[in-house]
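Here is a friendly walk through one protein chain. Have a look at the sequence and the model first, and then read on.

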Amino acid sequence: MHKRTRRISLLMLAGLAMAVVSACSPRIATRGNAPEPEALEQIVVGESTKGDVTDLLGSPSSIAAFDENVWLYISRRTETIAFLEPDVVEQKVVLISFDAANRVDILSEYDLEDGKPVIPTDRITPTAGKEITILQQLFGNLGRFSETK
């Protein structure tokens, strides 16, 4: 009986060890539109048109907000271990700008090292008006009835 209990304990310990080890393996997530390097080599600055770029790379991930002739192809790969925050392992941005004749004017590639971190601020934007409490909101309209004709 003692051997059987010991064997079950060892099996449970081995199972627990496997669960712990497998929980620590990272989950890899790839998002975005990562153009193939071979397709990028086929784009010729000054000759390729918007149609050529769409045929080779597909639709862009984003179009610049203030200039519809700037297309962005953005991709990112992250790794998440257990419950921790995801780590960005690889990021690639391909910027394609078109001139007035819809031909490629600029073709640039940026990696993770080219990006700049954006640190959000904790400042609060002031708004017009006064701040009221929840009780003032609930009871503020009592007695403000108007006659309807």
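## Ground rules

Helices (H or I, at least four residues) and strands (E, at least two) are DSSP runs, numbered from the N terminus. This is a predicted model, in which local features need pLDDT of at least 70 and side-chain atom pairs count only at pLDDT 80 or more, while totals for chains, interfaces and linings use all residues. Residues are numbered from 1 along each chain as its sequence is written, and side-chain values use heavy atoms, with hydrogens and water left out.

## The chain as a whole

Let's start with the overall layout. The chain has 4 helices and 5 strands, and going from the N terminus they come in the order α-β-α-α-β-β-β-β-α.

How much of the chain is buried? Of its 149 residues, 17% count as buried, where buried means under 20% relative accessible area, exposed means over 50%, and partly exposed lies in between (1.4 Å probe, protein chains only). The accessible surface comes to about 12,700 Å², and 57% of that belongs to carbon and sulfur atoms. Such areas come from the Shrake-Rupley method with a 1.4 Å probe; for residues, only the protein chains shown count as cover.

Now for contacts, meaning heavy atoms within 4.5 Å. Among those with a separation of 6 or more, 46% are between residues 24 or more positions apart.

## Strands side by side

Two strands pair if DSSP finds at least two bridges between them. β3 and β4 do this in the antiparallel sense over 10 bridges. Their hairpin has 6 residues between the strands, and A82 takes a positive phi near 50° there.

β4 also pairs with β5, again in the antiparallel sense, over 7 bridges. This hairpin has 5 residues between its strands, and N102 in the turn has a positive phi of about 60°.

Which strand holds S108? It lies in β5, residues 104–111. S108 is buried, because its relative accessible area is 17%. Leaving out residues up to four places away in sequence, S108 touches V93, V94 and L95.

## Two salt bridges

A salt bridge here is a side-chain nitrogen of Lys or Arg within 4 Å of a carboxyl oxygen of Asp or Glu. By this rule the count comes to 2. In one of them, the side chains of R77 and E90 meet at 4.0 Å, N to O. The pair links distant parts of the chain, with R77 in strand β3 and E90 in strand β4, 13 residues apart. R77 also stands opposite E90 in β4. R77 is partly exposed at 28% relative accessible area, and E90 is partly exposed too, at 43%.

Apart from neighbours within four places in sequence, E90 is in contact with S75, R76 and R77. E90 and L112 are 22 residues apart in sequence and 6.2 Å apart in space, C-alpha to C-alpha.

In the other salt bridge, K92 and E109 meet at 3.3 Å, N to O. K92 lies in strand β4 and E109 in strand β5, so the pair ties together parts that are 17 residues apart in sequence. K92 counts as buried, at 16% relative accessibility, whereas E109 is partly exposed, at 45%.

## The nonpolar core

A nonpolar core is a set of buried Ala, Val, Leu, Ile, Met, Phe, Trp, Tyr and Cys residues joined through side-chain atoms within 4.5 Å. Which residues make up the largest nonpolar core? There are 11 in all: A39, L40, I43, V53, L57, W71, Y73, V94, I96, F98 and V104. The elements giving two or more residues to this core are α2 (37–41), α3 (50–57), β3 (70–80) and β4 (87–98). β4 gives the most, with 3 residues.

Setting aside its neighbours within four places in sequence, I43 is in contact with S48, V53, L56, L57, I96, V104 and L107.

## A patch on the outside

Patches are made of residues with over 30% relative accessible area and no salt bridge: like charges are joined within 9 Å, and nonpolar side chains (Val, Leu, Ile, Met, Phe, Trp, Tyr) within 5 Å. I134, L135, L138, F139 and L142 form a nonpolar one on the surface, with about 580 Å² of accessible area together. L142 is found in the segment after α4 (134–139). L142 counts as exposed, because its relative accessibility is 59%.
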